[in-house]
Amino acid sequence: MFFAQLTNELWKLFGKKRTYIGFGAFVLVQAAMLIIFRYTHWQSHFQEMLANNGYLASEYISALTVALVMVSPQALLLMPLYVALVGGDLVAKEVEDGTMRMILSRPISRVRLLSVKWLGGIIFAAVLVLALGAAALVAARILFPWKGLFVLGHLPSGSPMFGIFPAAQGLVLYSLSHLFMVTNAVTMLSIAFMFSSFNMKPAAATILALSYLFMNMVMQHIPFFEPYQNWFITHHFEAWFLIFQNPAPWPQIIQSEITLAAISTTAFIAGATGFQMRDIKS
Amino acid sequence: MIDLRQVHKKFGTRVAVHELTLAVPRGEIFGLLGHNGAGKSTTIGMMLGQVWPTRGEVKVCGHDVTTHRAQALQKVGAIFEAPAFYDYLSGQRNLEILSHYSAPTSRERIREVVEWVGLTGREQSKVRTYSHGMRARLAIAQALLPQPELLILDEPGSGLDPEGIAEMRQTIARLHRELCLTILLSSHLLGEVEQLCSRIAVLNQGRKVFEGQVADIKAGHGRVMLRTPDFAAATALLRERGIITGSLDGKYLTLSAGRTTADVAKTLVNADIRVDGIWHAEQTLEDFYLSLVKAAPPVLH
């Protein structure tokens, strides 16, 4: 029964046109970035950085490098927006539309219903992140060769990060980074899901979740809060990028992943408690 | 099948349902009447475990809904005003989704119910393409899937045209006749309730102001209609002689125990009060309902 209910939840999520509009928007942004990277000075900036460090640029301006460049801004901007939108809809939209009343005239417990919905949301978030990671890599491969991975960015501490990896290791790291990005997406979705389970409109749940994430990000970057970085959820979202550090700071990554899993679980429990206590009326 | 005892529900400081006691026995079509905001939907919400009572006991099919919701609702189907579906999915998929919240349901059972409600051939179409009547039929289908013994209908005719209302009435009667279902019907359509229900309860501002047989209401509770040029003089005389206990609206009399219309006629004729007509009044449910809700309502806080 649980599996049948979960399958139905996925039907509801993936049966909506909006789901594919969201996926489509991501793919369009990826395509735009790919074209910009290919035909502007962006690429030459990368080549210059590599050459200055004694590397042959032609070996590292590759599908993997470009795919990572395409994915990074999406993980920061588009993903929270879209995942919070879906999470905010999960419960509140059903209450608003009246389908929740139809469901709750059935002998299913509210906790079980929310568990199924949350699990459906987690699968959706995972599919979204992994599909976009794969799509970015496939799209980049069309215009760029399969060679080593060059990573250029900033660590949470603010210091620049410069990494060079052979293609095989680069692919493993690229895949792992997406698994950690799934944790980020699930946490964002869980926060929106929690608000969605309370007595509020879907849009309000989404806005509250995004506001919470934004507030974390702003406070994290205020110098006064430097010693309290671990208290900010957005600090732990950076774990996916840390794995490109050489050597990867695994204790820090694992700590962040556990923290995010705990936040997701807490959000679910808080949401389920609120939902259990409330009255569902037309 | 339904047993509510001293059920009370407050939303903040507002009392929605006040100490309601109600029993619906197996096999009955029971009508729940009341104006908007009278507490009908809240009462139904409490029966379905969607609204938590502030105090009191709500039992459905012998189980307490608050503590044993799953057992209580195992054999219950419900239809709400303006039934909501996943419009972007097919009727069949909607039925599969909703039925799996009760118990595993075979495709054969779904096909059987779709045929029963007359949606065969349209079950694969998206619900957004359904007419209002078809949505109502789909709502009946989803309620029938768990093979219910009790059907709770909250304003099922709302938004339907006269043809749709008649079809819904026939369907409810058929459900009762063919499937022997116990039905709780909440409705504003007094004519429908009068034709379908054997017993009703009337809620007014959260309080039950009446519960009884529809047949008794129609019989007018022993009221007699008197047509005479001087109703005031006639009632004064009849009261004085102990023949009636009360009068209403300048035309109805309530006879004292053991008295008949012949006693009324004889007394008035002997007193030279002209009698143009006298007969046992058959009251419509609408008259009865309006007389109940017109009575000064209690203010609840």
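User: What makes helix H4 of chain B oblique to helix H5 of chain B?

Analyst: The axes of H4(B) (residues 107–117) and H5(B) (residues 132–144) cross at roughly 140 degrees and come within 9 Å. Angles under 35 degrees count as roughly parallel, over 145 as roughly antiparallel, 65 to 115 as roughly perpendicular and the rest as oblique. That is why H4(B) is called oblique to H5(B). Axes here are lines fitted to C-alpha atoms, for helices over the stretch in contact, with angles from 0 to 180 degrees between N-to-C directions. Helices themselves are DSSP runs (H or I, at least four residues), and strands are E runs of at least two, numbered from the N terminus.

This is a predicted model, where local features need pLDDT of at least 70, side-chain atom pairs count only at pLDDT 80 or more, and totals for chains, interfaces and linings use all residues. Residues are numbered from 1 along each chain as its sequence is written, while chains are lettered from A and ligands numbered from 1 in the order in which they are written.

User: Which residues of H4(B) and H5(B) make the contact?

Analyst: H4(B) brings Val113(B), Val114(B), Trp116(B) and Val117(B), and H5(B) brings Arg137(B), Ile140(B), Ala141(B) and Leu144(B). Contact means C-beta atoms, placed from the backbone, within 7 Å.

User: Why is helix H9 of chain A called roughly parallel to helix H13 of chain A?

Analyst: Their axes cross at roughly 20 degrees and come within 8 Å. That angle makes H9(A) roughly parallel to H13(A). Among the residues making the contact are Phe180(A) and Met194(A) of H9(A), with Leu260(A) and Phe275(A) of H13(A).

User: How do you know that strands S12 and S13 of chain B pair?

Analyst: Pairing requires at least two bridges found by DSSP. S12(B) (residues 244–248) and S13(B) share four, in the antiparallel sense, so by that definition they pair. Leu248(B) stands opposite Tyr252(B). The two strands form a hairpin with three residues between them, and Asp249(B) in the turn has a positive phi of about 55 degrees. S13(B) (residues 252–255) also pairs with S11(B) (residues 223–227), antiparallel over three bridges, where Val224(B) partners Leu253(B).

User: What makes a set of residues a nonpolar core?

Analyst: Its members are buried Ala, Val, Leu, Ile, Met, Phe, Trp, Tyr and Cys residues joined through C-beta atoms within 7 Å. Buried means 20 or more other C-beta atoms within 10 Å of a residue's own (exposed is 12 or fewer, partly exposed in between), with C-beta atoms placed from the backbone. The largest core has 146 residues, and Leu185(B) is one of those touching the most other members. Helix H5 of chain A (residues 63–90) gives the most to this core, 16 residues. Apart from it lies another core, of 10 residues, including Tyr252(B) and Leu253(B).

Technical notes:
Contact = placed C-beta atoms within 7 Å.
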